[in-house]
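My entries follow in the order in which I worked.

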Amino acid sequence: MNYKLLFEKLEEYKVRYVVCGGLAVNLHGIPRMTADVDIILDLTVENLSQFEKCVDELQYKNGVPIKISDLADELKRKKLVTTKNLIALSFFNYDTAFLALDVVIEFPILFSELWDKRVERMEGNLKLNVVSIDHLIKLKEFANRIQDRQDIYFLSKIRNGH
């Protein structure tokens, strides 16, 4: 996946997002392998509409038959989490057959907090919105997988200046 193109399009469509997951760990200075991009979106109708235009232009398809606009409805999101065990929507470009983009739909922090405390990282002339280290640790604690616990250890070292 051309990550640069993805972030250029997110910027072009003025999509409010923050990078989380393995890429965010990398952008905070911890080398780590990751095969996809994890983001959290502002789940407003307008922002989701802009995001849908962005992924449509990039020819990324949702891996499950769920309308992106449904994410704006908190009850529908909770139902997806509880009945389908869905914590993220995965988007693929079937021409490349590569998992490219996960939109996290269950997270324990208000998007407004994530947005207000985001860190802007420059990759060349491209600005990326990245969750803060503190929020990334909280998101990792919430997910609580083996890799997340390892990420927390290293993120805590950076946060504490070690």
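For burial I took buried to mean under 20% relative accessible area, exposed to mean over 50%, and partly exposed to mean in between, with a 1.4 Å probe and protein chains only. I kept in mind that this is a predicted model, in which local features need pLDDT of at least 70 and side-chain atom pairs count only at pLDDT 80 or more, while totals for chains, interfaces and linings use all residues. I numbered residues from 1 along each chain as its sequence is written, and side-chain values use heavy atoms, with hydrogens and water left out.

**Entry 1: Asn62.** A polar atom of the Asn62 side chain lies 3.1 Å from the backbone nitrogen of Val64, and one lies 2.8 Å from the backbone oxygen of Ile66. With contact meaning heavy atoms within 4.5 Å, and leaving aside residues up to four places away in sequence, Asn62 touches Leu89, Ser90, Phe91 and Tyr94.

**Entry 2: helix α4.** In α4, residues 74–84, I listed Arg77, Leu80 and Val81 as the buried residues. Seen down the axis, these buried residues of α4 fall within an arc of 90°, so they line one face of the helix; the arc is that of the directions from the helix axis to the C-beta atoms. The face of α4 turned away from the buried side carries the exposed residues Leu75, Lys79, Thr82 and Thr83. At the start of α4, a side-chain oxygen of Asp73 comes to within 2.9 Å of the backbone nitrogen of Leu75, and α4 is followed by Asn85, with a positive phi near 55°.

**Entry 3: helix α1 and its partner.** Which residues of α1 are buried? I noted Leu6, Phe7, Lys9 and Leu10, and because the buried residues of α1 fall within an arc of 160° when seen down its axis, they line one face of the helix. Just after α1, Lys14 takes a positive phi of about 55°. Helix α1 (residues 3–12) packs with helix α3 (residues 45–57) at an angle of about 145°, the axes being 9 Å apart; axes are lines fitted to C-alpha atoms, for helices over the stretch in contact, and angles run from 0 to 180 degrees between N-to-C directions. In this pair, Lys9, Leu10 and Glu12 of α1 meet Phe51, Cys54 and Glu57 of α3.

**Entry 4: Arg32.** I placed Arg32 in the loop between α2 (21–27) and β2 (37–41). The Arg32 side chain makes a polar contact of 2.8 Å with the side chain of Asp151. Not counting residues up to four places away in sequence, Arg32 touches several residues, among them Gly22, Val25, Lys140 and Gln147. Arg32 and Thr44 are twelve residues apart in sequence, yet their C-alpha atoms are 31 Å apart in space.

Methods. Helices (H or I, at least four residues) and strands (E, at least two) are DSSP runs, numbered from the N terminus. A polar contact is a pair of N or O atoms within 3.5 Å; within protein, one must be able to donate a hydrogen and the other to accept it, and residues adjacent in sequence count only if both atoms are side-chain atoms.
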